[in-house]
Amino acid sequence: MTAVTDRPTVASGGAPLPVSLKQARLPRWAPPVIALVAAGAGCGIGLGAGLDSTIQWGLIAAALFVLGTYVLSAAVEGGRQAKDRLATSMVWTSFLLAVIPLASLLWETVARGIKVLNVYFLSHSMGTLPDALPGGGIYHAIIGTLEQVGLATLIAAPIGLLTAIYLVEYGRGRFAKTVTFFVDVMTGIPSIVAGLFILSVWILILGFGPSGFAGAMALAILMMPVVVRSTEEMLKLVPNELREASLALGVPKWRTILKVVLPTSLGGITTGVMLAIARITGETAPVLLLVWGAKTINNNPFDGAQQSLPLYVFQQWQIGTDAAYDRAWGAALVLIAFVMILNLVARGIARWKAPKTHR
Amino acid sequence: MNSPSSISETPPPPASPAGAAISGKAVRPGDRIFLGFSRGSGIALLVIMAAIAAFLTYRSVLAITGDKADFFTTFDWNATGTEPKFGIAVLAFGTVVSSVVAMVIAVPVAVGIALFISHYAPRKLASPLGYVIDLLAAVPSIVYGLWGALFLVPHLSGLYGWLDDYLGWTGIFSYGGGAARSLFTVGILLAIMILPIVTSVSREVFLQAPKMHEEAALALGATRWEVIRMSVLPFGRSGVISASMLGLGRALGETMAVATVLSPSFLISKSLLDPGGGTFAQNIASKFSEADQFGQDALIASGLVLFVITLLVNGGARLIIARRKEYSGAAA
Amino acid sequence: MAKRIDVSGLSAFYGSHKAIDDISMTIEPRSVTAFIGPSGCGKSTFLRTLNRMHEVTPGGRVEGKVMLDDENLYGSGVDPVAVRRTVGMVFQRPNPFPTMSIFDNVAAGLRLNGSYKKSELKEIVERSLKGANLWNEVKDRLNKPGSGLSGGQQQRLCIARAIAVEPQVLLMDEPCSALDPISTLAIEDLIGELKERFTIVIVTHNMQQAARVSDRTAFFNLAAVGKPGKLIEIDETERIFSNPSVQATEDYISGRFG
């Protein structure tokens, strides 16, 4: 398909010559075919050269695909189209490159975790079981995680919620700006630093021992800014007309907030809190410093070492036997499932309860 | 922030016959209590932040004054006994190197995926993909650590041998064999970990790029890539930078994923692929169980350095976001 | 420079919804053709089919033929990018690239289409800005961002950007609806000058504007909400406003609906 169209040339100096409307194009099936060829060649080269890592095969294939598309397109379609194709193929390649490890992570966790996952695993602790032997369970870790996360939520949610209310409903001036700034700063605190802080105050200075509550305090520090941020967003979505309508009826401001503003944004706030819970559930570092981990059930979060799910995964990995690895994968699967379910439910609530005025 | 508070001031009660009904106290007790509670929470938050800085500094001073070697330049971590000698040189090096490797890998790929979702993927695929990426951002880091140690590490030694064959002459990529428990592996794992969050924020920014500027570019006869280069990337640049800084903040402070993958040592090796090195967070996690009280103070001191670094990185990100807000406000 | 547009049997869709139905018309070169009609009658959609911008909208699809002199815009092998390069467009809201200077905004299209010497580029930018009656107002601040201009100036900057690549046709989608009366007047004067060189098609809500600037006027209407828009008639502007041949046109023009 050649592009020959008669066209009067423009005489004006420097003006671009009109381009033909028709351009030689690669057929639509070209990119997938190039991709297939590149994948084949990648595997071929990998096999031929005896490269033992499939990662190399993939990288070779990706490079061949990007290069092949560019060269072909440059030859057939010209420079601009070739650049466009190059961008397209790079974008696709980066997507595929990223999908592979993330999919592998989920697949490995599910495939290896499912082996040990049964009712016994969920309902028993490690007890006195020697580390190298198969068996044992995560009941004590589940109890610990639930108690620590629950306590952290009890501390962080009210403070976070009230702070957000202050910032949105009352906040003006220097003090509110300072709080906003430090909420931002707090968002960036590494979890291990939060752990170190509680360690220095609670354990080193005040002389308490490790406990679920100590861990919960560190988790609460990590949770607060997240709750403030998300609650703030939700409160800002409540239309001002609602507040004015209530105030105009002579309802005092605090009752307006409690009876009108909060109920309107309840769905969104719940979502925010649940997402914050999901985030701290997976935190390992502060728990390692402050709760220490245990092999047996300790129902009292205020006294003595406890276990938690993420810490359990870490400690089983440290043991380093096959049976322990299996338990680590099993606990990781339970942990991921818990976090994912929290996320899905939270996002479901957000969608279901979204204020109708939003756009 | 447009707060509704301007309308809430109770106007001074007019002197009217029904004055008794209208005039009450200007501030009701309920309002005062509620305001007290919410302002108190704000104050509590500030107090916590101040306490974190104060107590970490206090314990760090105890540790550093007891240190018999230079805290910043020593290549060792021995915080017990009568002659404690420890320093953060190796940790600072390892933290920076692994985070830089992570950023170099993750940012371009994340921008690619974000563009894929916002401008390239078929529409039916785009929004579920965004959803899945958001979910992946919630996977706990210990799971990445477990996967990294038991799956990624065994698969990387082949790749490292290959890198050694072709790039070994640089010294940076020489590889002596053995398990791939090096800073470079840590970098790769951190890259995979921060991909979802960087992607998620960048995608959000790309989707906000004004349609009218994309149409302007299209109407000039721009190809898809040219449209992105002319109207999407300039708009999204600061957003991508701040997303990257958020990712960097996570990479710097990541503990478990590093502790599981790295085989630590207190040496700085010229090669990125050979095992060894350490990071602040990893060192705290692995040295903690055997540390006495002074040892814990020493770890707290290294934690304070990490805290300051992440504060600087996050502060930078906030500044960029704030500047961008002003900029878009001016352009509107 | 200017080309004739011949549309025959053109329908446009958003997904399964038909937005305009079976439109045929001829647009004369070196003249201004105005599209008028009530909201939702598909006049903007039709305009966007003339440079293949309609298919950019998710679900957008077109059937029929648009001949630009002797080439079908929707023929096989036609590159939409080349079409848009040949048929320029000015939008409802001024949309200069916010991160580019005034100079770079005008040069944006040229830089896409090839490499120019600096002196060439300067010359074309100056000529285009003069052509858009903007040169005198901005010549001292070519390196300032385009977003610093007033709304009317921004719109003329967008016109300069569009004519810098010397298109055959210039499409204008309600170019004055976001502007004040004085800026509107400036743009209308400009349209009068530009028609010496380009085929101009303008969508407008403002009937006085159509009467003032256009040589020919096309009236679009739709039978009911949700039904596709149709071309009712196209004729000399004078005739449309004085003695239209269809009753609906007269009703619309005299303000009985719309």
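In strand β8 of chain C, the side chains of C:Thr199, C:Val201 and C:Val203 point one way and those of C:Ile200 and C:Ile202 the other way, and all are buried, a residue being called buried if 20 or more other C-beta atoms, placed from the backbone, lie within 10 Å of its own, exposed if 12 or fewer do, and partly exposed in between. The model is a predicted one, in which local features need pLDDT of at least 70 and side-chain atom pairs count only at pLDDT 80 or more, whereas totals for chains, interfaces and linings use all residues. Residues are numbered from 1 along each chain as its sequence is written, and chains are lettered from A and ligands numbered from 1 in the order in which they are written.

Because five of the five residues of β8(C), which spans residues 199-203, are buried, this strand is largely enclosed by the rest of the structure. Helices (H or I, at least four residues) and strands (E, at least two) are taken as DSSP runs and numbered from the N terminus, and two strands are said to pair if DSSP finds at least two bridges between them. On this basis β8(C) pairs in the parallel sense with strand β3 (residues 32-36) of chain C over four bridges, C:Phe35 having C:Val203 as its bridge partner. Strand β7 (residues 169-173) of chain C also pairs with β8(C) in the parallel sense, over five bridges, and here C:Val169 stands opposite C:Thr199. Between β7(C) and β8(C) the chain passes through helix α7 (residues 181-194) of chain C, forming a β-α-β crossover that is right-handed; that is, with the strands pointing away from the viewer, the path from the first strand over the helix to the second runs clockwise.

Turning to chains A and B, 73 residues of chain B are in contact with 81 residues of chain A, contact being defined by C-beta atoms, placed from the backbone, that lie within 7 Å. Helix α2 (residues 29-66) of chain B supplies the largest share of the side that touches chain A, namely 18 residues. That side of chain B comprises 46 nonpolar, 21 polar and six charged residues, where Ala, Val, Leu, Ile, Met, Phe, Trp, Tyr, Cys and Pro count as nonpolar, Asp, Glu, Lys and Arg as charged, and the others, Gly among them, as polar.

Chain A is itself divided into domain 1 (25-113) and domain 2 (139-353), with bounds from an automatic or database domain assignment. The C-alpha centres of these two domains of chain A lie 41 Å apart.

How values were computed. Contact = placed C-beta atoms within 7 Å.
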